[in-house]
Amino acid sequence: MPPKFKRHLNDDEVTGSVKSERRNLLEEDSDEEEDFFLRGPSGPRFGPRNDKIRHVQNQVDEVIDVMQENITKVIERGERLDDLQDKSESLSDNATAFSNRAKQLRRQMWWRGCKMKAIIALVAIVLLLVIIIPIVLKYHT
């Protein structure tokens with residue numbers, strides 16, 4: 001900043017200007033609303049209300065605490081529901097895989113049973129032929 005614009009002020013001048021500015025702002029012709037915002041609430045006029053305000057503020061704080069707990073519980077519940085849904089989907093996939101494997105095994109066992117029945121029938125026919133052919137040949141000759 002150029003030297004011609006610099007001004008050296010002492011503390012009394014700065015403090016005095018702040019005091020005079022405040023005095024100008026708080027003159028007698030200011031209305032109550034401006035006084036409230038500049039000076040703050042006055043004691044006796046707001047005394048009984050302060051207890052009510054504190055009481056209401058305490059209730060609001062309690063409600064905020066309860067709501068924060070509820071939000072935390074809802075989030076935890078949502079996480080548990082997500083876990084449960086994942087487990088349910090996994091169980092459903094496993095059940096489908098088990099069902100498919102059971103159908104495949106049932107078919108294999110059915111074919112195995114058919115093969116065994118066919119082998120037993122073939123063996124029975126061969127035995128009957130072994131028994132019957134010599135008897136027929138014996139009576140036929």
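## Exercises on a predicted model

A search of the whole structure, a predicted model, turns up one aromatic pair.

**Exercise 1.** Classify the ring pair of Trp110 and Trp111 as stacked, tilted or edge-to-face.

*Solution.* A pair of aromatic rings is described by the distance of the centres and the angle of the planes. Start with the distance. The ring centres of Trp110 and Trp111 lie 4.9 Å apart. Pairing requires centres within 6.5 Å. Next, take the angle. The planes of Trp110 and Trp111 stand at 75°. Planes over 60 degrees apart count as edge-to-face. The Trp110 and Trp111 pair is therefore edge-to-face. Both Trp110 and Trp111 are exposed.

**Exercise 2.** Describe the secondary structure of residues 81-108 and of residues 116-137.

*Solution.* Now take residues 116-137. The unreviewed UniProt entry gives these as a "transmembrane region". This span is 100% helix and 0% strand. Its end C-alpha atoms are 31 Å apart.

**Exercise 3.** Locate Ile135, then decide: is Ile135 buried, partly exposed or exposed?

*Solution.* First, the place. Ile135 sits in helix α3, which covers residues 43-140. Second, the area. The relative accessible area of Ile135 is 43%. Buried means under 20%, and exposed means over 50%. Ile135 is therefore partly exposed. Last, the surroundings. Ile135 belongs to a nonpolar surface patch, whose members include Leu122, Val126, Ile131 and Tyr139. Together the patch residues have about 900 Å² of accessible area.

Note on methods: Residues numbered from 1 in each chain as written. Predicted model: local features only at pLDDT ≥ 70, side-chain atom pairs only at ≥ 80, totals over all residues. Heavy atoms only, no water. UniProt positions renumbered as here; feature names shortened; annotations may be inferred. Helix = DSSP H or I, 4+ residues; strand = E, 2+ residues; numbered from the N terminus. Patch = residues over 30% accessible without salt bridge, like charges linked within 9 Å, V, L, I, M, F, W, Y side chains within 5 Å. Areas by Shrake-Rupley, 256 points an atom, 1.4 Å probe, with all protein chains shown as cover. Salt bridge = Lys/Arg side-chain N within 4 Å of Asp/Glu carboxyl O. Buried < 20%, exposed > 50% of the residue type's maximum accessible area, 1.4 Å probe, protein only. Phe/Tyr/Trp six-rings, centres within 6.5 Å; stacked < 30°, edge-to-face > 60°.
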